[in-house]
Amino acid sequence: MKTYVLFLLFSITAWAGPREQAFKLHNRLTGVPPKPDVLLVMEDHIRSGEPERAAEVAVQDPRFYNIVLKNWIKPWTNRERTNRVELNDYVATVLGVIRDDIPFDRILYDDIIYTVNDTTAPAYSNTSNAHYSNVESRNVDLEANLIGQTQSTLTGLPATSGVITTRAAGAAFYSAGTNRRINRFTFINYLCKDYEDLHDITIPDYRVRRDVERNPGGDSRTYKNKCVGCHAGQDALAGAFAHYDFVDNGLVYTPLKVVTKMNHNNYYPEGFVTSTDSWINTWATGQNAVLGWRGATQGNGVKSLYQMFAKSKAFSQCMSKKVFELVCLKEAINPDDKAAVETNAAAFEKDNQYNLKKLIVRTSARCVTNE
Amino acid sequence: MNKIKIYKIVVLLLLGLMMFAFNNCIQKAPSYNSTSSRSPSSSISIPTPGETEVVSKTEAEILQAIQVSTGIKNFEQILHTMSEVTGVSSQNAGIKSIYAQVQTSLPNENDVKVFMASHQVAVTKLAAEYCQVLVETAALRVIIWPNFNFGLTIAGNAFSAANREYLIESAIDAFWIVPTDEEKMQTVEQVSPLFDELMAAEATGSTTVTRGIVKGVCTVILSSAQVTLL
């Protein structure tokens, strides 16, 4: 027993040569060790000073999608931000877009959704996740079987916006509440900012809704110094979700009617009343201009709002940062790593390519060969 | 009187020594590059432009040194890694059953800093099941140990020194993929006594016992950090 315990504590020795680097790179990108022939090919690429080619070999393994990316994306699809949830339409769509080298920013606004080509599984349903949970339980290869479809055709939803209008997003972010949650998790997942980071009490509060008390606890200073810092920005954006709700297990869109929850809890009658799906980015100026907004900063509906998010500088930087953490297993805190994240973000968005697979390849190759 | 004085001096010396010893238990902070004129205690002073470059590089090196860049595989990565190296399908009924039991006890994420003893227990349990299926499936075990005769018993010298070394090294090659010679040597040394512990009080003429012992050794090597670290 003593021997066994000692053995479990046996420490891993230092990694150094191309062979060990190739082994590590494959593990990081696929979650599993390479087969001998794959290891040899990757080792040769690293030995000849081409680690990116080695990474390109690894990402051809289906487990890059089936294990590593799937578990990376799952936390974006739920409030708990955990990967211990079933495969769903949100995850499948992101995986499909990466596999097909579609510009990654499109996951936020395109009329697109991915299903799995598997006749054994139940058909896609607007009110059930059975299609996806079934294929995952049977370990169906997602890389080989994901099929891209037009979301509006498949779901019948007339106003789509990539993963933001998938059923999984509906269940997690549109159920109950006041339709503010989807907005907050967008900032967390795609701009790497929570509301505390964006808190700005200097911007006008004319879009703050009626359900926000202006004198919480009998003190209006609390509203002016705290509440308004987030609500002035988020309420102005959340108008875009005026027609969406998650009802009876499905995401519904009511084009002629603002959903009730947008205007209930009338604590301050003079507050903003949502009557259309218009939105304004009041954070486009002031301290949050640093997020690098590009294009229109006001509009109507979810699609135009998410085009603004997807084209922001913060989106590219956030994806580069998240990829760094995925493959380097640490945060970019030292100056060299920070610079690499910035450089990779610029390359990611260059010429509107937004190729996430290339971003992963570039980032992982640098990381593993520098460790 | 003299004795009391001597006693007092000795006590004072011991107290002084103790304070000195405790003071030296504190880990020293990483020192700054000697090319900089700044001392560690003057880190709030404003550097000159020429100085900034030297200090920031040193800070980068310090950050690099203290950052952990090793991860632990998550629950699904561990499941498929063990499947990959043993050749046993993750869809095997026995594996699925044990995985369902231990899945929530396996690591959630790749951050090695949150790895706990309970995670290792779950890893070991899953590894034991993989080894159970591996050793009981002749077509799979022959890939890992092609030159070991599973028909031998303890009485038939199944676990001779040469066989022990062969069983351990073959498992290391198959499960760890890129072991160093030093790792292999140390592991043979560490794991060899396990054979004796596992053989104690077991029937010496049974091939079931032989397979059981190989499963034990297999579990140790399969549940090790070399398999589960990223």
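Trainee: Which residues is Tyr130(B) in contact with, leaving aside its neighbours within four places in sequence?

Mentor: In this predicted model, Tyr130(B) is in contact with Met82(B), Thr86(B), Val88(B), Ile95(B) and Leu222(B), once those sequence neighbours are set aside. Tyr130(B) is also named, together with Leu95(A) and Val217(B), among the residues with the most contacts inside the largest nonpolar core, which has 140 residues.

Trainee: What makes His80(B) a buried residue?

Mentor: The word buried asks for 20 or more other C-beta atoms within 10 Å, and His80(B) has 20 of them within that distance, so His80(B) is called buried. His80(B) is found in helix 3 of chain B, and, not counting residues up to four places away in sequence, His80(B) touches Gly31(A), Val32(A), Arg63(A), Ile67(A) and Ser90(B). As for Asn110(B), which is 30 residues apart from His80(B) in sequence, the two are 15 Å apart in space, C-alpha to C-alpha.

Trainee: Why is helix 5 of chain A called roughly antiparallel to helix 3 of chain B?

Mentor: The axes of helix 5 (residues 63-73) of chain A and helix 3 (residues 75-86) of chain B come within 9 Å and cross at roughly 155 degrees. Angles over 145 degrees count as roughly antiparallel, and therefore this pair of helices is described as roughly antiparallel.

Trainee: Which residues meet where helix 5 of chain A and helix 3 of chain B come together?

Mentor: Arg63(A), Ile67(A) and Asn71(A) come from helix 5 of chain A, and they meet Glu76(B), Gln77(B) and His80(B) of helix 3 of chain B. By type, the residues of this contact divide into one nonpolar, three polar and two charged.

Trainee: How many residues of each chain are in contact with the other chain?

Mentor: On one side there are 37 residues of chain B, and these are in contact with 30 residues of chain A. Helix 2 (49-66), helix 3, helix 8 (181-199) and helix 10 (225-228) of chain B each supply at least two residues of the side that touches chain A. The residues of that side of chain B divide into 13 nonpolar, 19 polar and five charged.

Trainee: How many helices and how many strands are there in chain B?

Mentor: Chain B has ten helices and zero strands. Buried residues make up 28% of its 230 residues, and, among contacts in chain B between residues at least 6 apart in sequence, 68% join residues at least 24 apart.

Trainee: How do you know that strand 3 and strand 4 of chain A pair?

Mentor: Pairing asks for at least two bridges between two strands, and strand 3 (residues 244-247) and strand 4 (residues 250-253) of chain A have four bridges, in the antiparallel sense. Val247(A) stands opposite Gly250(A) of strand 4 of chain A. This hairpin has two residues between the strands, and in it Asp248(A) takes a positive phi near 50 degrees.

Trainee: Is Gln307(A) buried or exposed?

Mentor: Gln307(A) has 20 other C-beta atoms within 10 Å, and is therefore buried, as the word asks for 20 or more. The place of Gln307(A) is in helix 14 (residues 301-311) of chain A, and its contacts, leaving aside neighbours within four places in sequence, are with Tyr109(A) and Gly295(A). The C-alpha atoms of Gln307(A) and Asp105(A) are separated by 8.0 Å, although these residues are 202 residues apart along the chain.

Methods
Residues numbered from 1 in each chain as written. Chains lettered and ligands numbered in written order. Predicted model: local features only at pLDDT ≥ 70, side-chain atom pairs only at ≥ 80, totals over all residues. Axes fitted to C-alpha atoms, helices over the stretch in contact; angles between N-to-C directions. Parallel < 35°, antiparallel > 145°, perpendicular 65-115°, else oblique. Contact = placed C-beta atoms within 7 Å. Nonpolar A, V, L, I, M, F, W, Y, C, P; charged D, E, K, R; others polar. Core = buried A, V, L, I, M, F, W, Y, C linked by C-beta atoms within 7 Å. Buried ≥ 20, exposed ≤ 12 C-beta atoms within 10 Å, placed from the backbone.
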